[in-house]
Amino acid sequence: MKNNRDLDLYSHCGFAHEYQCGYSITVGEFPKPIEHPNFAEAEAHNTRGIAYSQKGEQNKAIEAFSKAIDLKPDYANAHYNLGLAYLKKGEVDEAWSASYRAIQCKRNYAEAYNNRGIAYQLKGETIYAIQDYTMAIGLNQKLTEAYTNRGGLYLDRLDIQHALDDFHIAIKLDSDAGLAYGHAGVAYLHYQHWKKTKADWTVAAILRVDIRPLFYTRYGSIAAFTQKTGIQLPADVVDMLCPDKPIPEFEEGARLKLALKAYDREELSTGLSARLAGMSREAFIYAMGKHGLSPFGETSEDLREDAESARKARNL
């Protein structure tokens, strides 16, 4: 039985295409023939498999991807998509094999290395998982998921600084990297940076990521975390981990007020406050001025960025 953290590992993985579609895929649609008949038919089965998988029909997706591979054995994308479908079914060995074959077909396939890393991780072979995530990053330094996945393993091994380095890169690459925010909040617990933990978990909540599985899957309970680390969590952090507490919903006006309050209490930077408010940094700097706030206490680099953001906001 897969737990929530297992699902988190590959919930962000996308399907691979040989071409870009300008329409949504539905079961039964076939792309126009390209290159040669064998490839066109294989691509059609691959596309059909994607549609089935997106509908949650993994068995039919696996059948379609397999047909594509039968027609074109070196079809790297079909192998990759087959591995992803097996991951969604929880069939880890089959997912590993499909990802391995995708790599054999296309040696520089960063996403396939990431997926094989996920399979290794689910099999408990963490050293090989880290190697594959590192290979994926080497091939594609903008692959957000690989940084998040590798950072999660570093966090499991209590290599906190390397974990945070990876999470911060993931967030810089993708401001919607909710899992990276959630994991980073867990990592900051080990440094007892409560403000940073709460800030990252708040942003994760806005991005609809439940941070509780990220904590409880690792430590089991708050008491077990304290026993393992010797760190006593403050009440407001514990409150965010309450198992029966729903993920908060934030209305636009409430989000701005919360962001301004969090910034005023020096809990969030202007960048994270803007993320919480659901607006650009420039717009948030402008809103700060209207509410009598200034970027006090930030680094000189932050101040320069804020000044530039305020200048842009005035010119809007």
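Reply: Angles under 35 degrees count as roughly parallel, over 145 as roughly antiparallel, 65 to 115 as roughly perpendicular and the rest as oblique. This is a predicted model, in which local features need pLDDT of at least 70 and side-chain atom pairs count only at pLDDT 80 or more, while totals for chains, interfaces and linings use all residues. Residues are numbered from 1 along each chain as its sequence is written, and side-chain values use heavy atoms, with hydrogens and water left out.

Me: At what angle do the axes of helix α4 and helix α6 cross?

Reply: The axes of α4 (residues 76–89) and α6 (residues 110–122) come within 10 Å and cross at roughly 30°, so the two helices are roughly parallel to each other. Axes here are lines fitted to C-alpha atoms, for helices over the stretch in contact, with angles running from 0 to 180 degrees between N-to-C directions; helices are DSSP runs (H or I, at least four residues), numbered from the N terminus.

Me: Which residues make the contact?

Reply: Contact means heavy atoms within 4.5 Å. Tyr80, Leu84 and Leu87 take part from α4, and Glu111, Ala112, Asn115, Ile118 and Leu122 from α6.

Me: Is Ala146 buried or exposed?

Reply: Buried means under 20% relative accessible area, exposed over 50%, and partly exposed in between (1.4 Å probe, protein chains only). Ala146, found in helix α8 (residues 144–156), has a relative accessible area of 0% and is therefore buried. Leaving aside neighbours within four places in sequence, Ala146 is in contact with Asn114, Tyr133, Ala136 and Ile137.
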